[in-house]
Each structure stands twice: as C-alpha cells, then as structure tokens.
Amino acid sequence: WLFAEQFLRMVVGFFVGVWLARYLGPEKYGLFSYALAFVALFQGLTKLGLDQLIVRDIVKEPEKSTEYLGTAFWLKLLASFLTFFVILFISYFISDNISVFVYIVIIAAGYIFQSFEVIDFYYQATVNAKYISIRKMLQLTFTSLLKIYLIIKNADLFWFVFINLIDAISLAVFSLYIYKKHKLPSFFRSFEKNKAKSLLIEGFPLLLSSIAIMLYMRTDQIMIKYFINDKEVGLYSVVVKLTELWYFIPMILVNSLFPSIVNAKKNSLDLYYNRLSKLFAFLIITATTISVIITIFSNNIFSFLYSDNYLGASYILKISIWASVFVFI
C-alpha cells in the first residue's frame, strides 16, 4: 500500500510538477521554489524528532497508544505554532518584497496542521499502512486536480502557493476522518507530562539531525536566490525535483520494515543486524543504479520533459543525482 501510494505520488506529482514548471517558467518557478525551500528549513522544529520514537513506543506498548498519540500531538502542535511565528519574524526582515513574504507565510501556516500526522504513527506501528496510503492518495488526487485546473485557467502564482495550505488542511481532515471512522479512542485529552519530557530528551538528537538534513537539502536554493537570481533558482529547483523523485524508495522500505526490525532486536541480535545489513545493501545498490542511468540520459530527460528554457539544468542533474546514494544510506 505504501508503494502504491508513493508510486502514484511520484507519477502524478512529477508530471503535474513538470507541467507547472513549464507554465510558470524558470523565474516564477524559482520564486515559488525559494518560498518552499525557506519554510522547509524549519520543518525539523515542528517534528521535534518524535516520529519514529512514537512508532517504536506503540509497537512496544500498544495498550498505551492513546497516551503516546495525545502527548505527541500536543507537543507537535505547540512546536508548529512557535515555528510559524519564528518563520514570520525572520521572513519579515529578510524578504526583498511583499509577495515573497506573503508566499512564505501562507506555506508556513500549513505546518500548524502537521500535528495530525501522529495518526500516521498509529497505523505504521500496527502495520495498517493501507489506511495512511488511501488517505494520501485521495488528498493527492484532490490537490493535483486543483493545480491542473489553475494551470488551464492561467492562474497567478499566488493560487499555486495557496494550494500548499489547502494540501496541509485536506491531509489533516482526511487523517482525522479515517481515524474516527475506525472508532479509535480520541487522543486529544491525553497528555502525559513525564512521557512528554522523556520524548523531548530522547528526540533532541533526532531533532538536530532533521534540522541538519533540511539545511543540507534546502540552503542551496536560498543561497542561489540571494547570490544570483530567481531564474537560476528555478533551473536548480527542477534538478532538485528530479533528484528527490527517487527518495520515496528508502522512505517506503524504512517505514515498512521499521516495526519488523524493532521486533527482530527483541528476539535475536544476529537477526537484527542481518536485516539491517540487507536493507543497507539493497539501498546502496538501488541508488547507484539509478544514478548511473540518470547520468547517461540527463540531456534526453530535459529535452523531452521541459522547454528550452530549462536545458541548462541537465548538466547540474548529472552531478546532483549522485547525492541520492548518500541520502539512501
């Protein structure tokens, strides 16, 4: 189910993204990408490093799932509001025009609704990924159709930015609907102070890691914006999309196998390390194969998918794609 959902996201998201890039052109697409990249720098702050910790704890103690979900939800909600105001404050002083500031604020507002992603943790821990996937496929279809409609109607960039907020809201609504449909106990009134403290302490190294990852993945677009221009951001952003297109593979494998690996450690350390080594070997071989193929056919990919305005980006892709080997690891 996770593979089906990610495959749909890859195919639909990619082709709609290509259409959007062609429609906006490098300069406007660069401006849009800059706003997304700037907000993404702060994404780690909203997650607090809790995601895999909650999955792990529910696997170990399923009878306490409501307590864990509620505690994580309120921690994430508080972190989301704080992060939103931090983004608001910083972007106000560094944005070079009011449009950029508005775009950043709209996208950042979507983080407030990300606290509902704790529902995903429950279904991951109980190995019921199909419910997560069905919800995401419905939401993806809904927002993709909105983007196509806006392209056909020659809409302004503002409305494509606004869809990011709709995206976050619809995802939260679909999550809550599925959770309630299964008549699962409400977690909104559950909050355990001691558990919150232990989660924050344990999640702190993971929080630092996620911040470092987003800095690594997004700072380049922000630097290009300030040192060169919006058009170069647009060219580079297209390459980033093509490179990150393949990142769903390790995400699927790791999220799917995480409960199995946790359980393996309970039974046997040999089995635990055996599963880990096989996972790493498969990821490295897969990433290397993808990188070789993309390097060979980079020019053909841009000639087929994008307009002549983007052809200069093919040389960037030949280098950028090799980052996937290390990202997979």
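This is a predicted model: local features need pLDDT of at least 70, side-chain atom pairs count only at pLDDT 80 or more; totals for chains, interfaces and linings use all residues.
View 1. A pocket is an open set of points on a 1 Å grid over the protein atoms alone, with protein on both sides within 12 Å along at least five of seven lines, and lining residues have an atom within 4 Å of a point. Grid points are joined across faces, edges and corners, and a volume is the space filled by probe spheres set on the points. The lining consists of Y216, M217, D220, Y236, V240, T243, E244, Y247, S320, A323 and V327. Two or more of these residues come from each of α9 (193–227), α10 (230–244) and α14 (323–328); helices are DSSP runs (H or I, at least four residues), numbered from the N terminus. With four residues, α10 gives the largest share. By class, seven lining residues are nonpolar, two polar and two charged. Ala, Val, Leu, Ile, Met, Phe, Trp, Tyr, Cys and Pro count as nonpolar, Asp, Glu, Lys and Arg as charged, and the others, Gly among them, as polar.

**View 2. The largest cavity.** A cavity is a set of grid points where a 1.4 Å probe fits but cannot get out. The whole structure has one cavity of 30 Å³ or more, and the largest cavity contains about 30 Å³ of space. Its lining is formed by I119, D120, Y123, Y131, I132, R135, S175, I178 and Y179. At least two lining residues come from each of α6, α7 and α8.

**View 3. Helices α6 and α7.** Helix α6 (residues 118–125) packs against helix α7 (residues 129–152) at about 140°, the axes lying 7 Å apart. Axes are lines fitted to C-alpha atoms, for helices over the stretch in contact, and angles run from 0 to 180 degrees between N-to-C directions. The pair is therefore oblique; angles under 35 degrees count as roughly parallel, over 145 as roughly antiparallel, 65 to 115 as roughly perpendicular and the rest as oblique. From α6, D120, Y123 and Q124 meet A129, Y131, I132, R135 and K136 of α7, where contact means heavy atoms within 4.5 Å.

**View 4. Helices α1 and α8.** The axes of α1 (residues 2–40) and α8 (residues 157–181) come within 11 Å and cross at roughly 55°, and the two helices are therefore oblique to each other. In α1, L20, Y23, L24, K28, L31, F32 and L36 meet L157, F160, V161 and N164 in α8. This contact comprises nine nonpolar residues, one polar and one charged.

**View 5. Helices α3 and α4.** Helix α3 (residues 51–60) and helix α4 (residues 65–94) cross at roughly 170°, with axes that come within 9 Å. They are therefore roughly antiparallel. D51, I54, D57 and I58 of α3 make the contact with S65, Y68, L69, A72 and K76 of α4.

How values were computed
Residues are numbered from 1 along each chain as its sequence is written. Side-chain values use heavy atoms; hydrogens and water are left out.
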